[in-house]
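Have a look at the structure first, and then we will go through it step by step.

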Amino acid sequence: MTIKESLNLVDWEKCELLPVIVQDVANNEVLMMAYMDKEALELSLSTKIAHYFSRSKQRIWKKGESSGHTQTIHSFSLDCDNDTLLIKVTQKGVACHTGRRSCFFTELESGETNSNVEVNPDAMYSVIDTLYHTIQERKNADPSTSWTAKLMQKGDNTILKKVVEEAGEFCFAYKDDDEKEMVYEASDLTYHMLVALAVKNISPDRIKQELARRFDMSGIAEKESRKD
């Protein structure tokens, strides 16, 4: 069967994004769940390396493109409704961005963690990506133990006030020509902006994509492009 014929087996009218369950080929351990659009599935079929569509990044991503922890695919199995995919893979390194073997490590009834971190996430991702992932994880934390959770619990107005406040403090540091304070306030501003992005589930990768789009584009042309 050709790749085109395989793609046509999926009921794309039912789901533009195909849910994908990922199992370890050696022991059938469920490693993660992700999504593929048609292009990501075509790439996965042709290369036998897992490619997914990230809803937060709003783009196709090759598993392990940042961490190096790739997935080699051995089989693709479509469910009886043609709208869910099971793939069996050889996992290089770990599957989860937390540095754990599998993404499924929290007991729902107790909230306890049932697996250990095998790889330091700092070694896999940039500090911005690691911080964003950490902020996302704190969404459901106890507000009495987490400033991030407390900030999110207070709502949009509090978050936006902090962004404005930190931007103002950065401006004062700039005006005072205080290099150390500029770095400190820029860090505070970056953190609070990431909190705001996390609330809306907007990955910082999308900021990188937008900045990349603007390369070789003049500021005037960029402003004009927003009117389209």
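A salt bridge is a side-chain nitrogen of Lys or Arg within 4 Å of a carboxyl oxygen of Asp or Glu. Keep in mind that this is a predicted model, where local features need pLDDT of at least 70, side-chain atom pairs count only at pLDDT 80 or more, and totals for chains, interfaces and linings use all residues. Residues are numbered from 1 along each chain as its sequence is written, and side-chain values use heavy atoms, with hydrogens and water left out.

The structure holds 11 salt bridges. One of them joins Lys14 to Asp11, with the closest N and O atoms 3.8 Å apart. These two residues also belong to a network of salt bridges that includes Asp83.

Now turn to helix H5, residues 156-175; a helix here is a DSSP run of H or I with at least four residues, numbered from the N terminus. Lys162 forms a salt bridge with Glu165, at 3.3 Å between the closest N and O atoms, and another with Glu166, at 3.5 Å. Glu165 lies three residues from Lys162, about one turn of the helix. Glu166 is four residues from Lys162, so about one helical turn separates this pair as well. Lys162 is buried at 18% and Glu166 is buried at 3%, whereas Glu165 is partly exposed at 36%.

Terms used
Helix = DSSP H or I, 4+ residues; strand = E, 2+ residues; numbered from the N terminus. Buried < 20%, exposed > 50% of the residue type's maximum accessible area, 1.4 Å probe, protein only.
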